[in-house]
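This report looks at one helix pair and at a few backbone features in loops. Please keep the sequence and the structure in view while reading.

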Amino acid sequence: MILFASGFVLGAWCLQQQANLPGLQAAWILAPGLFIFFKVWQSKTVWLKSISLFFLAVMLGFGWAAMLAKIRLSDELPAEWQQKSIVLQGVVATLPELSERGERFRFDVEQVLTAGARVPKHISLSWYEDAEMPLHARFHAGERWQFAVRLKRPHGTYNPHGFDFEAWALAENIRAIGSIQAKSGYKKLQEFVWRPGYVIEALREQVGNRISRALVDKPYAGVIRALVIGEDNAISAKDWQIYTRTGTNHLMSISGLHITMLAGLAFAFVAFTWRRFPKLVMRLPTRKAAMMAGLLVALLYAALAGWSVPTQRTIYMLATFALALLFGRNVTSIGALSLALLVTVVLDPWAVIAPGFWLSFSAVALLVYVSAARLKSPHWLHEAVRSQWAVTIGLLPLLVAMFGQASIVSPIANAFAIPVISLLVVPFSILGAILPIDALLQLAHGILALCMQALAWLSALPMATWQQAAAPVWAILLAVVGVVWLLLPYGFPQRWLGLLLLLPMLLVPSPQPKPGELLVAVLDVGQGLSVLVQTAQHTMLYDTGPRFNTQSDAGMRMVVPYLRGHGITQLDGLVLSHNDMDHIGGADAVLAQVPSKWLLGSFDYVSQSQLPKQVHCTAGQHWQWDGVEFDVLSPTLQSYQDAELSDNNRSCVIKVSSMQGSILLAGDIEKEAEMALLEGNQGALHSDVLIVPHHGSRTSSTQDFVQTVSPRQAVMTVGYLNRFKHPKQQVVSRYQEAGASIYRSDNHGALEFCFCKGVALQPKAWRETRPRYWQDKNL
């Protein structure tokens, strides 16, 4: 079973790496493969049979994933219907996610009333708060509504080491996203639609509301909600950072561990009660009754939690053991894990691109591995220490590969957090959410608050985490072999060799330009700007992208993962060009995790994080790093006395020049600032690459400015179908007429320039470097 399950998973994973889905011709490859398999299967050679079974599973996994992908992608929003008003009817399918701007929920479309329009069956809708909005207007799971909406196809930012929204939307079967047009009218058609899925979502909503009422204004109410109903969007970014640095983030939402603990408690309670009634024991043995009760509790909790990948894995494993016991079969742990693995990927082939899938199954596989071939049960303390060691060291390659960091204090943090959260906080939280006893929820929150104090202290330690650049594939594979070697039973010779196999992954250096050369990364942060500039020994970040809401910003979601993936743990300088939220919204998140030696800006930045020395940018400032020149061209010192000067026109304009070329970072300057630059710096403006001012708006990029800069490449950082309609076509045409190649972050993703000797100045576009079949090709 393990061989077939592994092959099937590998096949599904290979499909998810494709730039395009295979056509019908791929079936001609599968047919000969099946013929060879049946021929080989008749052989008496065991290893040959095993290899053929594995490759058959790979082909089946690849084909199955491809078929489901074709079916799901066929349900799409036509490009011509994007951002057009469409009237439709349907049902609120999930409990709403609340934010300071409104609420968001998934919507099952039942009927499209607009003539000629075609809308996918499953979409995500947002309602934005408005002055005209009635105070009582709310949406709840299971309600049937009629809305006028504007939709667009799933399209997210795309950066190295960053979150792939389009992949996530496909996996979640969200085939269009949009907003409700309040002014066009909205109407509730039915109070509740009685279907099993909607009933569960309505129950989750009621339980979540009960928790919120009982724990109003409590700092960790969002964590309690996450532990009970799996909704973690209310956990603050500061708390997530603590969980990440201490390696306890798996405990702060629904995990297989919590489900197993609850199932175990139910098993113990039913077994204790059942055996005291002989008539019940005669009808059904105690162990079978207790196992079925534990499985039922696990199913109910998993449904309440939203049926995430960790819950699926746990349910499938528990169900395997329960059915085996019920029918008198003997199932090994590895057999149950293999069946759970296979069932998960058969039902959801996109699970293989989720980090939680690999971490969840790998953790259980490690525990099975270190507990195999035992002659007697060890002491509980020895068992706990060895299990924690196995998970900590065993998951290290995955954590480094996926996140570029691993928690050093994780064994200590998990040693007390696991029993406290799983055995105390979770049971009390669930009982308090179900029973009308607020004291239980208050007790759970109080215990959690004490646990958080200890975790916060561990998180504050200077060496709480190990961070490094993303390691190459060969180093990761070598580290996996090293982990298996290290975790061999005691007494096995030369186990220390496993440490040597881990070293290449932990010590691999990040790529650095040579002296006089320059690396520039224009990150895809949507409608905003963030540019990373690297010389041989120094790093500067120009702007940090937008803030999306109080819980999320570009710094947290895009900039920091990119910095971490390139092994950057400190900035030599941070430039905040001007005081607009689409340029500085991620600054707090960046400074909290990647400190900077100094901060240059056109305003006084105020932050909750500890700030470095701040200096106002003024024309004439100059410095040199590793043979690369940095010149501030604008604003002038006198401009700070002009109260009527807009923030855009006070943007820090910096030219970076190397021996192989130059780039001009122009912020959001408009025609007034461009004219001032032309008067005082005309000879210094020419650059090979230009970050187009103000995202290509009509108020910038005057004809004289474009001709004077005369860039070979013009980069426009814009959000997909943004509400400002940037870049304006006349601006694009202006640059094209000047001979510039046009690059757009919404079309190309992140752009990486190498101003290096012997290398053509051609950006590496992430959407072209790492294409995937789910990406929108109709741009």
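## Packing of two helices

A crossing of two helices is called left-handed if the near helix is turned anticlockwise from the far one by less than a right angle, and right-handed if it is turned clockwise. In this predicted model, the crossing of α7 and α17 is left-handed. The axes of α7, which spans residues 237-246, and α17, which spans residues 438-459, come within 9 Å and cross at roughly 70°, so α7 is roughly perpendicular to α17.

On the α7 side the contact is made by Asp239, Gln241, Ile242, Tyr243, Arg245 and Thr246, while α17 contributes Met452, Leu455, Ala456, Leu458 and Ser459. Taken by residue class, the contact of α7 with α17 comprises six nonpolar, three polar and two charged residues.

## Cis peptide bonds

Ser634 and Pro635 are joined by a cis peptide bond with an omega of about 5°, and Pro635 belongs to the loop between β19 (628-634) and β20 (653-658). A cis peptide bond also leads from His726 to Pro727, where omega is near -5°; Pro727 sits in the loop between β23 (713-716) and α25 (729-737).

Asp626, a residue other than glycine, has a positive phi near 55°. Asp626 is located in the loop between β18 (622-625) and β19, and is partly exposed, with a relative accessible area of 22%.

Ser710, likewise a residue other than glycine, has a positive phi near 45°. Ser710 is placed in the loop between α24 (703-709) and β23, and is partly exposed at a relative accessible area of 29%.

Methods. Residues numbered from 1 in each chain as written. Predicted model: local features only at pLDDT ≥ 70, side-chain atom pairs only at ≥ 80, totals over all residues. Heavy atoms only, no water. Axes fitted to C-alpha atoms, helices over the stretch in contact; angles between N-to-C directions. Helix = DSSP H or I, 4+ residues; strand = E, 2+ residues; numbered from the N terminus. Parallel < 35°, antiparallel > 145°, perpendicular 65-115°, else oblique. Contact = heavy atoms within 4.5 Å. Nonpolar A, V, L, I, M, F, W, Y, C, P; charged D, E, K, R; others polar. Buried < 20%, exposed > 50% of the residue type's maximum accessible area, 1.4 Å probe, protein only.
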